[in-house]
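Biologist: Hello! I am new to looking at protein models. Could you walk me through how to read one?

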Amino acid sequence: MQTGIQHLHSGMAYLVLAGLIAVFIYALVGALGNRNFTDKDRKFGLIGLIPLHIQLLVGIIIYFISPLGFSNMTSGNAMADSVSRLYALEHPLMNIIAVILVTVGYSRAKKLTQDRARFRSLYMFYGIALLLILSRIPWSAWM
C-alpha cells in the first residue's frame with residue numbers, strides 16, 4: 001500500500017507543478033494585459049489549487065505510514081542526516097506553507113474588487129508557492 005501511495009504522490013507532483021505554472025503564467029498575462037477578471041479566470045485558479053490540496057492529503061498519509069516521515073522524526077535521528085531531515089521536516093513544512101500561500105492567494109483573488117489586483121494575487125502567491133515547492137523536492141529520488 002505504501003508503495004502505491006508513494007507512486008501516486010510522485011505522479012501527482014507533475015500535475016501540481018503543471019497546474020501552478022499554468023495559473024502563474026495565465027494570471028501574469030492577465031495582469032499585464034489589463035484584462036477583466038471573470039468567473040472563468042477564478043475557475044482557472046482552481047487548476048493549481050485542487051491538485052495541490054489532494055497532493056497535501058496524500059502527502060500527510062505518506063508522512064505517517066513511511067519510515068522516513070513521522071517515525072523518523074520521533075526517533076531523534078532526523079536532524080543529523082540531511083536526507084532524513086529533508087523527508088521528515090523540510091519537505092512537509094515547506095509544502096504545507098506553499099498550500100497555505102496558494103489558498104490565501106486564491107481567496108484574496110475572489111475577494112478583491114480590482115481586476116489587476118485579483119490577477120496579481122494569483123500570480124504572486126502561486127509563484128512564491130511554486131518556488132517553495134521546487135526548493136524542497138527530493139530531486140535525487142524524484143526523477
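Biologist: Which residues are linked with Asp39 and Arg42 in a network of salt bridges?

Modeller: Lys43 joins Asp39 and Arg42 in that network. Keep in mind that this is a predicted model. To find a salt bridge, look for a side-chain nitrogen of Lys or Arg within 4 Å of a carboxyl oxygen of Asp or Glu.

Biologist: How many residues apart are arginine 42 and aspartate 39 in helix α2?

Modeller: They are 3 residues apart in α2, which covers residues 39-44, so about one helical turn separates them. Arginine 42 is partly exposed, with a relative accessible area of 24%, and aspartate 39 is partly exposed too, at 41%.

Biologist: How many salt bridges does the structure hold?

Modeller: There are 5. Glutamate 90 meets arginine 85 in a salt bridge at 3.0 Å, N to O. The side chain of glutamate 90 also meets that of arginine 136, again with a value of 3.0 Å, N to O.

Biologist: Where do glutamate 90 and arginine 136 lie?

Modeller: Glutamate 90 is in helix α5 (residues 82-111), while arginine 136 is in the loop between α6 (115-135) and α7 (139-142), so their pairing ties together parts that are 46 residues apart in sequence. As for accessibility, arginine 85 is partly exposed at 25%, glutamate 90 is partly exposed at 24%, and arginine 136 is partly exposed at 27%.

Biologist: At which residue does α5 bend?

Modeller: At glutamate 90, by about 35°. A proline, proline 92, follows within four residues.

Biologist: Which residues does the record mark as "transmembrane region"?

Modeller: The unreviewed UniProt entry gives residues 12-32, 44-66, 86-109 and 121-139. You can compare such a record with the model. Residues 86-109 are 100% helix, with end C-alpha atoms 32 Å apart. Residues 44-66 are 91% helix and 0% strand, and their end C-alpha atoms lie 34 Å apart.

Biologist: Let me pick leucine 122. Which residues does leucine 122 touch, not counting those up to four places away in sequence?

Modeller: Leucine 122 touches Ala27, Phe37, Asp41, Gly105, Tyr106, Ala109 and Gly127.

Biologist: Aspartate 41 is on that list. Is aspartate 41 buried or exposed?

Modeller: Buried means under 20% relative accessible area, and aspartate 41 has 3%, so it counts as buried. Aspartate 41 lies in helix α2. Leaving aside neighbours within four places in sequence, aspartate 41 is in contact with Tyr26, Arg35, Asn36, Phe119 and Leu122.

Definitions and conventions
Residues numbered from 1 in each chain as written. Predicted model: local features only at pLDDT ≥ 70, side-chain atom pairs only at ≥ 80, totals over all residues. Heavy atoms only, no water. UniProt positions renumbered as here; feature names shortened; annotations may be inferred. Helix = DSSP H or I, 4+ residues; strand = E, 2+ residues; numbered from the N terminus. Buried < 20%, exposed > 50% of the residue type's maximum accessible area, 1.4 Å probe, protein only. Contact = heavy atoms within 4.5 Å. Bend = angle between axes of the 7 residues up to and from the residue.
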